[in-house]
Amino acid sequence: MKKLMNAAESIVDDMIDGYVSAFEQVARGHQDPRIVVRAKGRKDPDRKVTLLIGNGSGHEPIAMGFVGAGLLDANVVGDVFAAPSADLILDGIREVSGKAGCILLISQHSGDMINGRAAVMLAAEERLRVRALPMYDDISSAPRDRMQDRRGAAGTMFVYKILGAAAEAGMPLDDLMTLGRAVRARTVTLAAALSPGISPLTGQPMFDLPDDEIYLGMGVHGEPGIGRTGVGPVRDLVTLIVDKLLGDYPIASGGQAAVIVNGMGGTTLMELLTVWNETRNALAARGIAAVAPMIGSFVTTQEMGGFSISLLEPAGDMLRLWTAPSDTPFFPSIRHAEKEKSQ
Amino acid sequence: MTGPEFFLALQARIAVHADALNRLDAALGDGDHGATMLRGLTRAAQADRGAQAKAFMRASGGASGTLFGLILIEIERHLNENAALGEGLQRACERIKDLGQVTTGDKSMIDALAPAAHALAEGTVQDAVDAATAGRDRTRDLSARRGRAQYVENGGRGHVDPGAVSVVIILETLAGKESAL
């Protein structure tokens, strides 16, 4: 398998070198070269709550691509597909936290949870004001009555963005935690995998899937999900996914849903826009308006083929915060696409 | 014993037992427990006084690096700053239970650590070693309820838990004592 890399040992640091040298919004932290921090227009951490996340690399642009104004204050970058260690996350917390407090976002996977929560325990010993907010949205990983056991997937970006915008506007720590939990409770995601990514560590595909099968609900590292289905018109696949999402989280006719159509790295924009179109149609057929879509490849697993659809039923200020301007290297500008187009 | 002396001695002991720990782990998990411990301790032994447990966490990586790191942080504090060892191990025990969602009887490092921490409340380090050793031996007849071992046949019954073995080695090193695995 061909990969553009020097060596498995240097791939993460080579990538971060390239990233921080290319964009004015980001820089390396002082505590460790594996910490990427917001560089432009940093606000006083005694006044603004800071947000950070630690995650394994190999899924770019998430999460280091979302460091900047109106989003994350820092990202702690782990090895490929491996959660950063607790002490490295602790360094990240030290780097950004102030009197206003700090939220460590954790996309729920076992290693990330253990290391992230351990980092928060150690930070609390240093009298740093920090909270952990686990994020989970993948409906295939656990049933609704065990929601707290679900994996984090692309729908976590709703939490990043909405909390990022709210923190930028000065929302205090406790209110941000409440808002984050509310967004989490209103978000659902389901993925469809078409073909595996290739691990840069082993050079091998991360799972096997026959050419004529699609796997519903597979996790970003190939974790098992709901099951297999055949390949047919994408309309049928998207309708199946939308029905499963609404079966888990019903939205009444006349309601609305913000949508993320996320590509996994090896799926074209042409395909993703088609998926969005069918998502919009499937929701409209059930009386639900699809609004403010985020479409593209943001939570990736190398060249993995496939996509996920995430829905958020917005409440309160969520939609305004979701579409609020931000300034990071890779988070897109999202418009409120509620304009009823005549067609 | 100082912190740096402890990490040097522990690194040497784990180096001797790494292959055996890997073999024990292969019966229950992914077979790398000895290698993971050794990688962390090799780095820790080279780190500055006071920064050794965190160097272990960083270098060993993964969840097990974090959980063992929480024990080593307390031992390091005890040796360098004279912090109470019993309280420290009790704190590490509670944290590991919380983070790993394990409790006594789940066939894990907790089966050795919890009785050791309890023994230290009134006893000596040697009492803690004895309690941990008995706990380690009890894991042979337990079946795992957490971690990879729960998917192994019979939950891995018949094999001692490698994490519990490592806890005993850590405490034996602290007691300045050598014994067979």
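**Close-up views of a predicted two-chain model**

**View 1. The two domains of chain A.** Chain A is split into domain 1, covering residues 11–135, and domain 2, covering residues 187–323. Keep in mind that this is a predicted model. Going by C-alpha atoms, the centres of domain 1 and domain 2 of chain A sit 26 Å apart. Where the domains of chain A meet, eight residues of domain 1 are in contact with nine residues of domain 2. What kinds of residues does domain 1 of chain A bring to the side that touches domain 2 of chain A? Five are nonpolar, two are polar and one is charged.

**View 2. Where chain A meets chain B.** Now let's look at the contact between the chains, which takes 12 residues from chain A and 13 residues from chain B. On the chain A side, the elements that give two or more residues are α2 (86–96) and α3 (110–125). Which of the elements gives the most to the side of chain A that touches chain B? That's α3(A), with seven residues. Sorted by class, this side of chain A has six nonpolar, four polar and two charged residues.

**View 3. A pair of packed helices in chain B.** Two packed helices are described by the angle between their axes and the distance between the axes. Here the pair is helix α6 (residues 110–120) and helix α7 (residues 125–138) of chain B, packed at an angle of about 155 degrees with their axes 7 Å apart. Angles over 145 degrees count as roughly antiparallel, so α6(B) is roughly antiparallel to α7(B). Altogether, the contact of α6(B) with α7(B) has 10 nonpolar, two polar and four charged residues.

**View 4. A closer look at E313(A).** You'll find E313(A) in the loop between β12 (305–312) and α8 (318–323) of chain A.

Key: Residues numbered from 1 in each chain as written. Chains lettered and ligands numbered in written order. Predicted model: local features only at pLDDT ≥ 70, side-chain atom pairs only at ≥ 80, totals over all residues. Domains from an automatic or database assignment. Contact = placed C-beta atoms within 7 Å. Nonpolar A, V, L, I, M, F, W, Y, C, P; charged D, E, K, R; others polar. Helix = DSSP H or I, 4+ residues; strand = E, 2+ residues; numbered from the N terminus. Axes fitted to C-alpha atoms, helices over the stretch in contact; angles between N-to-C directions. Parallel < 35°, antiparallel > 145°, perpendicular 65-115°, else oblique.
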